[in-house]
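Dear colleague,

Please find below the structure that I am handing over to you.

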Amino acid sequence: MNGRGQSDGSVVPRKSPNKGRGAPRPAEGVEGRGPAKGNSRRQTSLRAQERERLQQALARVRQVAERDKETKFTTLWHHVYDVGRLREAYFGLERKASPGVDGMTWEAYGEDLEARLADLSGRLKRGSYRAKPVRRVHIPKPDGRKRPIGVTTLEDKLVQRATAEVMQGVYEADFLNFSYGFRPKRHQHHALDAAYVGITQRKVNWVLDVDVRGFFDAIAHEWLMKFIGHRIADKRVHRHVKKWLNAGVMENGERIFPEHGAPQGGSISPLLGNIYLHYVLDLWAHQWRERHARGDVIIVRFADDAIIGFQYEAEARRFLEELRERLLKFGLELHPGKTKLIEFGRFAAENRKQRGAGKPETFDFLGFTHICGKTRAGRFALARKTMRKRLSASLKALRAKLRVKMHKPVPDVGAWLRSVLTGYYRYMAVPGNSHALLAFRQEVFRAWWQALKRRSQRNRMPWARYARLAEKWLPRPRVLHPYPNQRLRVRPKAGAV
């Protein structure tokens with residue numbers, strides 16, 4: 001099963017294809033220079049053929065992984081050091097991302113791309129590739145604290161992306177349907193839809209809002225490598241994952257070697273986090289539901305945030321206590337301030353009213369505050385509003401950038417504001433959130449008006465002219481996402497909770 005060229009999809013090409021995989025390509029080898037006239041169609045065709053070849057190779061890996069859940073893949077690394085896969089990984093990177101400790105940018109690496117990729121492929125094949133330390137930076141969080149982020153070097157990021165793509169082909173056959181974070185063809189709104197449908201259509205009376213404290217910094221390296229070994233026995237994959245975990249962190253000119261954690265910001269870190277939580281949380285929670293729950297239990301997880309709904313309070317409290325013990329065995333703990341069990345669902349408001357306990361509490365999930373609401377007919381409805389912290393943080397960042405751009409031409413600032421609003425609507429424009437969207441636009445409207453008035457002490461822009469500018473550059477919000485039950489109706493597997 002695991003030999004080269006056999007059914008696990010581990011096929012090693014004996015020679016380069018006739019078109020020359022390693023041949024220089026003008027469109028890719030030199031930044032800023034396009035292909036010769038008349039060759040663009042040929043270059044596009046070659047890229048498409050290469051991409052199809054790479055996808056077919058991974059498709060064979062996925063087929064074996066799905067067919068036999070006990071198979072351990074012993075020959076996967078040749079898929080990673082394939083020059084074509086490294087090239088695709090390079091073009092899939094964020095082009096304006098901050099450089100790592102070596103200062104290498106995407107544009108600079110691409111100036112001699114084919115030669116660099118050939119050299120990188122050779123080092124990966126020989127085992128002489130060395131991971132570089134991660135540059136740590138701190139970005140502000142909505143609550144005023146700072147989140148540590150690791151800035152990986154471009155070459156490490158490139159290899160990690162190629163490795164993650166190959167490993168993903170194996171683990172997609174194992175990951176459960178209620179896991180949504182950092183997976184192909186799944187995103188935040190699929191998780192939001194699943195939580196919405198689960199709470200409104202299943203017997204959910206209690207919601208456990210789970211947040212793992214400092215998850216990526218607490219991952220135990222020994223446990224992670226054991227989990228990877230359940231499906232991947234290729235020692236070269238193990239060796240390179242260890243290289244990234246043990247590369248160290250550069251902070252304030254000092255190199256630190258943490259004993260735990262996977263640096264946030266690396267291309268492979270989300271997949272490693274999913275593998276860790278798959279074995280620590282997902283499989284255990286699914287088995288707990290099957291063995292111990294008498295009532296309905298729904299589970300929705302996105303990265304280290306999870307929403308778990310219960311029909312019975314006693315089962316919810318038992319699950320919470322056993323979950324704490326489960327996580328501690330693997331070096332994890334629940335965040336005491338963010339993890340909470342609340343009464344929530346179609347009967348929560350009435351039950352709490354009878355006890356004189358006030359309105360049901362709310363919970364936050366993926367940028368939205370979830371509220372027990374009612375329809376015009378008086379029926380239970382799950383309302384989703386933009387989190388107040390998220391709204392405030394977005395406006396604060398916008399005002400700061402607007403001060404920098406204040407004296408730039410009005411059309412340039414207007415185009416930038418339009419892109420900001422469009423991006424904000426693209427995520428936040430869910431059914432029922434129109435009031436929050438209008439409030440955000442109104443605050444942007446006011447911020448731009450104040451900035452325009454500050455441009456000069458003598459000339460003040462007339463209100464009528466500003467109103468015309470705002471109408472031209474500040475688009476009005478409209479709902480961009482369907483109702484959750486409509487989207488999940490066409491994606492039954494993604495809707496499983």
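Predicted model: local features only at pLDDT ≥ 70, side-chain atom pairs only at ≥ 80, totals over all residues.

How many bridges join strand S3 to strand S7, and in which sense do the two run? Strand S3 (residues 206-211) and strand S7 (residues 305-310) run antiparallel and are joined by six bridges. Strands here are DSSP runs (E) of at least two residues and helices are DSSP runs (H or I) of at least four, numbered from the N terminus. Two strands are said to pair if DSSP finds at least two bridges between them.

Residues are numbered from 1 along each chain as its sequence is written, and side-chain values use heavy atoms, with hydrogens and water left out.

Overall composition

The protein contains 19 helices and eleven strands. Of its 497 residues, 49% are buried (under 20% relative accessible area; exposed is over 50% and partly exposed lies in between, with a 1.4 Å probe and protein chains only). Contact means heavy atoms within 4.5 Å. Among contacts between residues at least 6 apart in sequence, 72% join residues at least 24 apart.

The antiparallel sheet

Strands S3 and S7 belong to an open sheet of four strands, in the order S6-S7-S3-S8, with antiparallel pairing. Its edge strands, each pairing on one side only, are S6 (297-302) and S8 (340-343). From one strand to the next, the twist averages 15°; angles run from 0 to 180 degrees between N-to-C directions, and axes are lines fitted to C-alpha atoms, for helices over the stretch in contact.

Val497 is found in the segment after helix H19 (484-489). Is Val497 buried or exposed? Val497 has a relative accessible area of 14% and is therefore buried. Leaving aside neighbours within four places in sequence, Val497 is in contact with Phe178, Ala194, Arg202, Arg289, Val297, Ile298, Ile299 and Val300. The C-alpha atoms of Val497 and Val197 are separated by 9.1 Å, although the two residues are 300 apart along the chain.

The mixed sheet

A further open sheet has four strands in the order S2-S1-S4-S5, and its pairing is mixed. Strand S2 (146-151) and strand S5 (254-256) are the edge strands, each pairing on one side only. The twist in this sheet averages 40° from one strand to the next. Strand S1 (residues 134-140) runs antiparallel to S2, and six bridges join them. S1 also pairs with strand S4 (residues 249-251), in the parallel sense and over two bridges. Arg135 has a bridge partner in each of these neighbours: Val151 in S2 and Met250 in S4. Pro140 stands opposite Lys146 in S2.

Helix packing

Two helix pairs deserve mention. The axes of helix H4 (residues 83-91) and helix H6 (residues 113-126) come within 10 Å and cross at roughly 120°. H4 is therefore oblique to H6 (angles under 35 degrees count as roughly parallel, over 145 as roughly antiparallel, 65 to 115 as roughly perpendicular and the rest as oblique). The contact involves Val83, Leu86, Arg87, Tyr90 and Phe91 of H4, together with Leu113, Glu114, Leu117, Leu120, Ser121 and Leu124 of H6. These residues divide into eight nonpolar, one polar and two charged (Ala, Val, Leu, Ile, Met, Phe, Trp, Tyr, Cys and Pro count as nonpolar, Asp, Glu, Lys and Arg as charged, and the others, Gly among them, as polar).

The axes of helix H16 (residues 410-428) and helix H18 (residues 463-473) come within 9 Å and cross at roughly 45°, so H16 and H18 are oblique to each other. Val410, Pro411, Gly414, Ala415 and Arg418 in H16 meet Leu469, Lys472 and Trp473 in H18. By class, this contact has five nonpolar, one polar and two charged residues.

A buried threonine

Thr163 lies in helix H7 (residues 154-171). With a relative accessible area of 1%, Thr163 is buried. Not counting residues up to four places away in sequence, Thr163 touches Trp77, Val80, Trp244 and Ile268.

Yours sincerely
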